[in-house]
Amino acid sequence: MKNIGFLSFGHWSSAPGSQTRSASDVLLQSIDLAVAAEELGADGAYYRVHHFANQLSSPFPLLAAVGAKTNRIEIGTGVIDMRYENPHYMVEDAGSADLISGSRLQLGISRGSPEQVVEGYRHFGHVPADGADHAEMARENTRVFLDLLRGEGFAKPNPRPMFPNPPGLLRLEPHSPGLRERIWWGAGTRQTAEWAADNGMNLMSSTLLSEDTGVPFHQLQAEQIERFRKRWADTQHTFEPRVSVSRSIFPIVDDVDRAYFGREGGSSDQVGYLDGGKARFGKTYAGEPDELIAQLAEDEAIAAADTLLLTVPNQLGVDYCAHVMESLLRDVAPALGWR
């Protein structure tokens, strides 16, 4: 059995055929898609975060709205770029969204991906400390964020406050108990997966790894997962971690699917350069259900993960994305033991 959800990048554009032509379209359809996914029996609604782009950016208003409109489905991000975040304000936003949803928030965070602009985090007022780089700044923001989520008091109260204070040092409010154990780190390498384990975060691994050893993508990702779990076993963390992987999977069950994705059946891994280093990109799975079942049964990383996030083509609209999820849940997942 696996948790199966969707991951939307939240694109909008005026391109021919786009069903999302504005930010308003994307935000409202993102809520509708989560509602549809819950009705279909899917387990998660996750959203990508990009700044300075025609894509979803500030996630917490959306997550709160999705939480208010749904009852069961997990809601989350994949991922928030911690170079841009004020960890104190983020704790308040995350706590609010989690409480609105009834403790269903699964928050994916990371160092971030290549940006639309040069050092965009500086426009948000974030500058690496002397002797540090932007990656270390993201890791430090993460450490502060995780510490604050524990809900321990740290701020000295005003002796003459406007409102009565509880005794002792004050914490940020609202505090959502349990949220600390539902933070995921988007790891691009085997080393950062081990760092996630050291810091008590669940592992989120996407269709891109920012390293390459020459083996197929799914095997490299499976090694990443293995090293994460081995490192976790050496720690003193008190909860069992979760692992998610993302995949582009399109069951072809009608002529519309065939028109959109029929030519993706021969997809393979891609190797390229990202931020000056070698990277490996996972392939797209597209084919008749029986073909997909055979191919996905060989994917070692999916087998090792407890959560599968389906990247959806959100510009094709809510109905089509829901159709893709329904096809996978109905025609593929049961045969693989995922349902």
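Author: Let us begin with Val 253, which lies in the loop between E8 and helix H7 (255-261). Helices (H or I, at least four residues) and strands (E, at least two) are DSSP runs, numbered from the N terminus.

Reader: Before we go on, what kind of model is this, and how are residues numbered?
Author: This is a predicted model, in which local features need pLDDT of at least 70 and side-chain atom pairs count only at pLDDT 80 or more, while totals for chains, interfaces and linings use all residues. Residues are numbered from 1 along each chain as its sequence is written, and side-chain values use heavy atoms, with hydrogens and water left out.

Reader: Is Val 253 buried, exposed or partly exposed?
Author: Buried means under 20% relative accessible area, exposed over 50%, and partly exposed in between (1.4 Å probe, protein chains only). Val 253 has 33% relative accessibility, so it counts as partly exposed.

Reader: Which residues does Val 253 touch?
Author: Contact means heavy atoms within 4.5 Å. Leaving out residues up to four places away in sequence, Val 253 touches Pro 289, His 323, Ser 327 and Asp 331.

Reader: What about Ser 244, and where does it lie?
Author: Ser 244 is in strand E8 (residues 243-251). Its relative accessibility is 1%, so Ser 244 counts as buried. Beyond its neighbours within four places in sequence, Ser 244 is in contact with Trp 184, Leu 203, Met 204, Ser 205, Thr 307 and Leu 309.

Reader: How should I read a nonpolar core?
Author: The general idea is that in soluble globular proteins, nonpolar side chains tend to be buried together. A nonpolar core is a set of buried Ala, Val, Leu, Ile, Met, Phe, Trp, Tyr and Cys residues joined through side-chain atoms within 4.5 Å. Here the largest one has 71 residues, and those touching the most other members are Phe 6, Tyr 47, Leu 107, Ile 109, Phe 145, Ile 183 and Leu 296.

Reader: Which residues other than glycine have a positive phi?
Author: Phe 52 is one of them, with phi near 60 degrees, in the loop between strand E2 (44-47) and helix H2 (60-69). Glu 119 is another, with phi near 50 degrees, in the loop between strand E4 (105-110) and H4.

Reader: Finally, how do I read packed helices?
Author: Two packed helices are described by the angle between their axes and the distance between the axes. Axes are lines fitted to C-alpha atoms, for helices over the stretch in contact, and angles run from 0 to 180 degrees between N-to-C directions. H2 and helix H3 (residues 87-101) pack at about 15 degrees, with axes 7 Å apart. H2 and H3 are therefore roughly parallel (under 35 degrees; over 145 is roughly antiparallel, 65 to 115 roughly perpendicular, and the rest oblique).

Reader: Which residues make that contact?
Author: H2 contributes Phe 60, Leu 63, Ala 64, Gly 67 and Ala 68, and H3 contributes Met 90, Asp 93, Ala 94, Ala 97, Ile 100 and Ser 101.

Reader: And at what angle do H5 and H6 cross?
Author: Helix H5 (residues 190-198) and helix H6 (residues 217-233) cross at roughly 30 degrees, and their axes come within 8 Å. H5 and H6 are therefore roughly parallel to each other too.
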